[in-house]
Structure formats: structure tokens, C-alpha cells
Amino acid sequence: MPDMSSRRGSRSRAQRSYETARWQDEGPLVLGSSKEFIRRAAEKATSRQGVLKHVSGNRQRFYAEAVHMNQMNGTPGILPVWDIDDAEPGKPTWYAMPRAQLLQDGLGDDATLRDVVSHVAFLAGVLADLAEQGTYHRDIKPGNLFWWNDGPVLADFGIAAWNAGVPRTRLAHPVGLTRPGQKLGPANFIAPEMRNGSPADRGERADVYSLAKTLFVLALPQRGPYPPDGTHRADAEEFSLWETGGSGKSLPALRHILEAATEFAVRQRLSMADFRDELHAWLSRYSRMEFRRRGDRFRFRFGWEGLHGISERHRRDHEETRSMMVSCMGQIAEALAGHYEAWTEGWDRDADEVTLGDYGWEPNGEDGFVPENGTIWMATATSGGRRIVLEAVLDHDVCFIAESQVGGPPWRLERQWGPTPWGRPRLQRTADRVEQLAEDVVSWLAEAAANSQ
């Protein structure tokens, strides 16, 4: 007997009607797409052109998506719902949205790296607000980011975890959590824990991983539609941003943010709120930097580089922290001793190269507080019987302290600044903290010099 299953499937799909009482169906949104349930449509009463998404596959998941998106209507940064099926409350079979342009296309050839970072920072803010409510999108990728009403918006919450902070009951599966075998987005954008973990993983820090990957793709359209897999190693050529045309520290600074946002270990990864804030700090720092238009870039692809161990991370933490401190120490030396290079870097504590203040750190051994990753110690030349010490304390995170010491050796503490808040090494806000500390010291030296006259 001939196998009629494929014919029956074809006939059922062909016979499905996408007409609704209020919207005139105008065919698939994308011809030839497997997602025929996403349709172009015109509102019968107004002729307004929109897009209807019809129920397909998991009905409970579609109900959750449609109802929650309708409830979020009017939220900045989320594509609005114009209309929703109200025939059976809580079980809509379709909802209507505007016809929006993909963000990738909306950016166009004139966009620069700064434009991309600015739009992604805005969306990171939207996702951070959702995360506070226990909602995680879990399918962030360029195909789900749109340009509408002169700004970027999120759409397609089809596999989102809704109100994920609500405790599970023994009788109910949490709304929005994925069951075994359900898809969790395209591989190169998916956080590792969402590929390999429990299907019911809420994905508290999965969206930040995916959004960082998306930023990379939006910034470098010539590299192709998918980012390299794995953590965005800041010193690996595979994750270079050189085509964007930045100079100085602008590109390394952003690469460190992307690395922190794509850490393999969830606990080491930035939260969405931290990612938003780091991007805004980067934008503020490089507000005048010139970047190349996307349409003016060369096509290039770099080779692959594997992940390095944790000791390599510590080495880079030290190198980048020291780099942050050098210019600050130079400013302090110039203010005190009259020359930018009038400072030294030392580690020999027997030579009186110590800090003298009490900073309230809890002892972690017989020798008191000893930071696990050490310190970076710098001091100006002596002028007028005074020197300024600047020190970074690295204990996974990093903070900075500064002291004015007089009369030495042996030295006495005259004034202390800090410690600054602990921050993640190599990120922009951390650099901002040590620079603010240096500015405070320089201002104090100017006042001290004025008072001595």
C-alpha cells in the first residue's frame, strides 16, 4: 500500500486557513520559509500593514508568548502587539505586530562600532529590566532584533522563560521553561549551559552571552552571520575588531567586555545589568573616537585559537591593571615631582615599599589579608619629603588605594584614599575608578601646594 502520510501532511498544511475576522492574510512573511505561520496581513478596518504570528507547534508555549507580549505592550525596546486573538481568553491562536526591519538591515552601511554598541547597550537595559522580573528571552540573535519606530526592539519570545522566579509546583510545569528535546536557539549564539544543562534551565545569564555574540556579528557583518564559538578571548585574533577602525585602547577595552560577557563559567560571566553598564562606560570613554563605517570595511577572517587556562587569565589581569595604572601614576608624579616619569614600581617589602593605611580587609591567613592574585605597587619620587603610593589589590577582582607618605624612610602616613569599590579587571568602569582616584590625589596635591605658599 502506498505511503500516504506525506500526502496527508501536505494536504493539511495547504488546507490551513490563516484568515481572521480582523486581518486579511497576504501570504508568508518570507517566501519559501519553513515558518509559514508568520504571515503578512492587512487590517481590514484600516488597511494597516502588519505581521501575524499564528499558533504552531507547542500551543502552551505560544499562548504564553502571545499573552505576555500583549501584557508588555508599550514597553520601550519591545516590538508592540497591535492586536491579539480574543476568541478564547488565555488561548490566543494569533497576534499581530508591525512590519519591522531587521536591526542588521536598519543599521546599514553608515553605522559605526559606536552605533552598534549604543543600540546593544539599550537592548541590554531592556533585558536587564526583564531579568529583574524573572523573564529571560533565551533566543537572542540578530534574526530576533529589529529596527522599528527609529530604534532597536526585541521580538520573538517563543522560547522565553516567563516569570522564572516563581516557584515550581509539583503539578505544574513552570510557564515558559523548555521541555526535553525543545530547541534553544542557534548554536553559535547559545550559552554553554543552555546547550549542555538541564532543559528547564531558566538561563539567568544566557541572554548576556547571546547578546555579546550578537554585538560582534552586528559590528562585523563582513565576517558572516555567525560569531566564532566559545569565550571571546580578548587577545585572540579570531575575536579581533580591527576592521571597525578604532585606535588606542578603544578596541581592547571592548574586547575585554565581550570576554567577560561570554565567560564559559556562568558565575564568572557578567550579569545583563553589568554588561549594560560596561557598554555605557565604554561609550562615555570613547565618545569622540572615530570608527570606520560598516560599508567601508575590508572582508577578512582570522584563524582559530583555543581557550587558555586560568593562570593565563591572571597574567592578563595583571598586565591590563598595570596598564590602567601607568598613566594615572604619571599624572600624580608630574603633579608632585614635576615629571611624568618620576615614579618607580617595586615589590620588595623589606625596602619599605609598603602601604601604611588600615583598609578593613578581613584576614585570610596567619599573615592577615593576602590577596590571592597579589598586588601592583607604584610610588612617585620624593618631593618636599613626600611621596605618593598607588597600589592595585588583586583578589579575583581588583581595587585601588593611594597614600601620601612623608618623612621616610621610615615613612609615616599623611593621607589615604580608597579603597575603591572592587571591580572586574580589564573593564572600563575599573579603569574609570583608578583614574578618578588619581584625579583626587592630583587635586589634593594642588591644594597642598597652594596652602604651603
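## Overall composition

Of the 453 residues of the protein, 48% count as buried, where buried means under 20% relative accessible area, exposed over 50%, and partly exposed in between (1.4 Å probe, protein chains only). The model is a predicted one, in which local features need pLDDT of at least 70 and side-chain atom pairs count only at pLDDT 80 or more, while totals for chains, interfaces and linings use all residues. Residues are numbered from 1 along each chain as its sequence is written, and side-chain values use heavy atoms, with hydrogens and water left out.

The protein has ten helices and 13 strands; helices (H or I, at least four residues) and strands (E, at least two) are DSSP runs, numbered from the N terminus. Among contacts in the protein with a separation of 6 or more, 63% come from residues 24 or more positions apart, a contact being heavy atoms within 4.5 Å.

## The five-stranded sheet

An open sheet is formed by five strands in the order β1-β2-β3-β5-β4, with antiparallel pairing; two strands pair if DSSP finds at least two bridges between them. Its edge strands are β1 (23-28) and β4 (83-84), each of which pairs on one side only. β1 and β2 run antiparallel and are joined by four bridges, with D25 opposite A41 in β2. Strand β2 (residues 38-43) is mostly covered, five of its six residues being buried.

β2 is also joined to β3 by five bridges, again in the antiparallel sense, and R40 stands opposite V51 in β3. These two strands, β2 and β3, form a hairpin with five residues between them, and S47 in the turn has a positive phi of about 65°. Axes are lines fitted to C-alpha atoms, for helices over the stretch in contact, and angles run from 0 to 180 degrees between N-to-C directions.

Strand β12 (residues 397-406) is largely enclosed by the rest of the structure, because nine of its ten residues are buried. Ten bridges join β12 to strand β11 (residues 386-395), and the two run antiparallel; the bridge partner of I388 is S404 in β12. The hairpin of β11 and β12 has one residue between the strands, and H396 takes a positive phi near 75°.

β12 is joined to strand β13 (residues 412-417) by five bridges, also antiparallel, and E403 stands opposite Q416 in β13. A hairpin with five residues between its strands is formed by β12 and β13, and G407 in the turn has a positive phi of about 75°.

## Packing of helices α8 and α10

Helix α8 (residues 272-285) and helix α10 (residues 428-452) pack at an angle of about 55°, with their axes 8 Å apart. The two helices, α8 and α10, are therefore oblique to each other: angles under 35 degrees count as roughly parallel, over 145 as roughly antiparallel, 65 to 115 as roughly perpendicular and the rest as oblique.

In this contact, D274, D277, E278, A281, W282 and R285 of α8 meet Q428, R429, D432 and E435 of α10. By class, the contact of α8 with α10 has two nonpolar, one polar and seven charged residues. Ala, Val, Leu, Ile, Met, Phe, Trp, Tyr, Cys and Pro count as nonpolar, Asp, Glu, Lys and Arg as charged, and the others, Gly among them, as polar.
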